[in-house]
Amino acid sequence: MSTQDLAALAAELKAKGVRALTVAWCDSNGIQRSRSAPIDKLASAVERGMGCSFLFAVFDSHDHIHWGVEGLDTATGDFRIKAVPDRIVQLAGQPAFAWAPAQLWLQEGPRWEHCYRAALERLVERADGLGYEFKAGSELEWFIGQDSDEPVAAHRGPVYSPNAMLDVTEFLSELLADLDDNGLGIGQIHAEYAWSQLELSLDPKDPLNAADDQLLARETIRAAARANGLRASFAPLVTPDGVGNGWHFHVSIHKDGRNLLSGGEGPEGMTPEGEAFVAGILRDLQGVVAVTAPSVPSLIRLRPGYFASAYAFWGADNREASLRFVPGAEAIGAQNANIELKASDASGNPYLGLTAMLACGLGGIEDGLRLPEPILEDPGNWTPAQREQHGVRRFAQNADEQIANFEAAPRIREAFGDPLANAFTGVRRSDAAWAEGKSAEEIVAAHLWRY
């Protein structure tokens, strides 16, 4: 947009009652950070941005600064937070504010090496150069509770029931209107399996807009909850012994307008390139999940018997599979075949999660990988010997394992770049140090309203 167009947009928003523009980004812990500028400064927020300390790259989940990462070991240096102009929207639930996702730039002009959105932009550009396009969507699960620091259910179930929806019907009515006004399309919404849990699925888009939509959806849900005297939490766990909340990624890969996950002669109708793409994600799945479920509560949540996909394997329509293939059956259409990553939650940065997932998939294509036989059972019910025989490993149970899995996936580090990757692992170590000696109850409580 030109400066003149931005000035016209600011005037239009101001006439609608907007007083400030909030520019938001998501850090390595899945926590949204933001700066806001008066709406009259909209053009400046897009073109010049707002200053912020380099140290935001090493904030851990508890707002502590992790010292010791090269280049981020002093309080010297600022980056600029610039609004993405095409995504500016007046927030339906906070009408005095407009919202936009951020790009992070250096003061001198180049993109900052710790810009999470830039990592995904580079990956999408690389794929485009190879002739590939992606579609990505997500499912968001959250706890809906009364306005209390302690979790108090807002609906009484039963799960998947209209009775549960009736308990929160005013909230849902406002939410559906706000989602529409904020430009967020959804496929469905329902009461999910966990305690006082709801879920919606966002419409698939290109990866950048899909990641932006995750951030906007979270703010939309929170505002609608607050307006109805409720409180929403996307935390991986709400109680130590509960199922918890996931944010599942759905991804497909396309070439020349064709979905490569259908219409072929490979497993479940995949084309050779589609199969290689899925096989690449499977090869590095331990590293991918280190990014998509990175928090200490995530490590607790990914356990057998809790529908959290505790093991790394793939299967067609197996809802216990961490990498679940959704075939292009007649009911959904061949063009909608996709791969679902279930081992993912709101403590993962959506830009980094998609970057990791897609980079590993492209690596599979480059290496011509093929998939092993799908697993249609729950390996949690197998003996250790059976899991070993099928090459099925459990996901990391502590930060050391998690970081080792991340480092064992060189395609992820390459896509991130060393500075961003080093900051990411540094923050994981900081979170682990914070959790040392704390009970599961203390850990869950401390994260509950961070998300």
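This passage covers cysteines, a nonpolar surface patch and a helix in a predicted model.

Residues are numbered from 1 along each chain as its sequence is written, and side-chain values use heavy atoms, without hydrogens and water. Because the model is predicted, local features need pLDDT of at least 70 and side-chain atom pairs count only at pLDDT 80 or more, while totals for chains, interfaces and linings use all residues.

The whole structure was searched for disulfides (pairs of cysteine sulfur atoms within 2.5 Å); the search finds 0. For the sulfur of Cys52, the closest cysteine sulfur lies in Cys115, 12 Å away and too far for a bond. For Cys115, the closest is that of Cys26, at 12 Å, also too far for a bond. Cys52 is buried (under 20% relative accessible area; exposed is over 50%, partly exposed in between; 1.4 Å probe, protein chains only), with 1% relative accessibility. Cys115 is buried as well, at 1%.

Val159, Tyr160, Tyr193 and Phe307 make a nonpolar surface patch of about 420 Å². Patch residues have over 30% relative accessible area and no salt bridge; like charges are joined within 9 Å, nonpolar side chains (Val, Leu, Ile, Met, Phe, Trp, Tyr) within 5 Å. A salt bridge places a side-chain nitrogen of Lys or Arg within 4 Å of a carboxyl oxygen of Asp or Glu. Areas come from the Shrake-Rupley method with a 1.4 Å probe; for residues, only the protein chains shown count as cover. Tyr160 is partly exposed, at 49%. Tyr160 sits in the loop between β7 (133-146) and α4 (162-167). Helices (H or I, at least four residues) and strands (E, at least two) are DSSP runs, numbered from the N terminus.

Helix α8 (residues 285-292) has 8 of its 8 residues buried, so the helix is largely enclosed by the rest of the structure. Among them are Leu285, Val288 and Thr292.
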